[in-house]
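Hello,

Here is the structure for you to look over. My notes on the side-chain contacts follow below.

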Amino acid sequence: MIRASYADSTWKSIQSQVRCYERFCNYFQLPLLPFTEDQACRYAVYLGHIMDAPGTISNYISGVKTLHKLEGFPPLPDFLSLPMVIKGIKRDMQHEVLRAKPIYPEHLLAMSKLIQSPQDEVYYTCFLVGFSIFLRKMNLVPDSTKEYSPQKQLSRGALRKHKGVYLAVLNWTKTKQFGEDRQVLPLVPNKNKAICPTYWLDRLTSGPGHPSDPLFAIRTAEGLIPITYRQAAERLRRWIIQMGLSPERYTLHGLRRGGASWARVKRVPPDLIQKMGDWASDAYKNYIETDLESRLKVAIILAGHTL
């Protein structure tokens, strides 16, 4: 039952974090548990030597705290020294956070000109939908064909069409894992057919299929086979290169980030962006790329009010 309380991706992360901690304990001949403040500080220093990103350190320590709790040990007190140790490690590493580059309509327009086959249409529609409703990659495509679930990824039956508008129904998201609420996201027509999600969804769903079949799938003799994260990422990378751009930092995550950023450029209220993207906190602000025009307006306003 405890295992069931964690999403699959979260549980995999915890397992990876625990394996790293076990290697640390084995190497330095330290007891695995209980997790003490002194051991937490030592582990943080160790992680600082093997990790590229300092933000990962807190995540890995959190994984060990979870292990401590799952093994039935008493609740951990606040480790007062640990934040200072981590702060020192971050200062020493001087790490620059590398976020996925946002993918904007101009990128999608360029991709639409590279479509040469029905398979290309599947990938493009996947990217367009991900951008349009700020979807997490876990709701777009599975990590493998065996891991596809109509409860988690968009299925053909998750789409409803009413008066030219598609409604995508998500029964499971990162913040809604227990069926407590469904998220219904509208996909409306765009005057530019190349980036019109309803036009491409009409084409995608024109053939036969079962409601539980994956929405983004390749039609084969065996039926509809879902495209995977790796396949989608590779197709995105290929198109980015064909567009004459460096593929570094262009990922499927950029669709979600680009959609939210574009909505902000178009003056969509922040609270609506947060609801559309299913962000449970103000973390959505980290996804929004502030355009140069908006920054220039701030500078002009400040200049006008400076004595």
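Why are arginine 42 and aspartate 38 separated by about one helical turn? Because the two are four residues apart in helix H2. Helices here are DSSP runs (H or I, at least four residues; strands are E, at least two), numbered from the N terminus.

Before the rest, the basis. This is a predicted model, so local features need pLDDT of at least 70 and side-chain atom pairs count only at pLDDT 80 or more, while totals for chains, interfaces and linings use all residues. Residues are numbered from 1 along each chain as its sequence is written, and side-chain values use heavy atoms, with hydrogens and water left out.

Salt bridges

The structure holds seven salt bridges. The criterion is a side-chain nitrogen of Lys or Arg within 4 Å of a carboxyl oxygen of Asp or Glu.

Arginine 42 and aspartate 38 form one of them, with the closest N and O atoms 3.2 Å apart. Arginine 42 is partly exposed at 46% relative accessibility. Aspartate 38 is partly exposed too, at 48%. For burial, I use under 20% relative accessible area for buried, over 50% for exposed, and partly exposed in between (1.4 Å probe, protein chains only).

Aspartate 120 and arginine 235 also meet in a salt bridge, at 2.3 Å from N to O. This pair links distant parts of the chain. Aspartate 120 is in helix H6 (residues 118–132) and arginine 235 in helix H9 (residues 229–242), 115 residues apart. Aspartate 120 has a relative accessible area of 9%, so it counts as buried. Arginine 235 is buried as well, at 8%.

Lysine 137 bridges to aspartate 143, at 2.7 Å from N to O. Lysine 137 is partly exposed at 31% relative accessibility. Aspartate 143 is partly exposed at 41%.

Charges over rings

Lysine 137 has a second contact to check. It lies over the face of tyrosine 229, 4.6 Å from the ring centre. The test is NZ of Lys or CZ of Arg within 6 Å of the ring centre and within 35 degrees of the ring normal. The charged end of lysine 152 sits over the ring of tryptophan 172, at 4.9 Å from its centre.

Aromatic pairs

The whole structure gives 14 aromatic pairs. Rings of Phe, Tyr and Trp (its six-membered ring) pair if their centres lie within 6.5 Å; planes under 30 degrees apart are stacked, over 60 edge-to-face, and the rest tilted.

Tyrosine 21 and tyrosine 43 are edge-to-face, because their planes stand at 75°, with the centres 5.1 Å apart. Tyrosine 21 is in helix H1 (residues 8–28) and tyrosine 43 in helix H2 (residues 37–50), 22 residues apart. Both tyrosine 21 and tyrosine 43 are buried.

Phenylalanine 35 and phenylalanine 79 are edge-to-face as well, 6.0 Å centre to centre with 65° between the planes. Phenylalanine 35 lies in the loop between H1 and H2. Phenylalanine 79 lies in the loop between helix H3 (55–70) and helix H4 (82–93), so the pair ties together parts that are 44 residues apart in sequence. Both phenylalanine 35 and phenylalanine 79 are buried.

Cysteines

There are zero disulfides (a pair of cysteine sulfur atoms within 2.5 Å). Cysteine 41 is buried at 14% relative accessibility. Cysteine 196 is buried at 5%.

Best wishes
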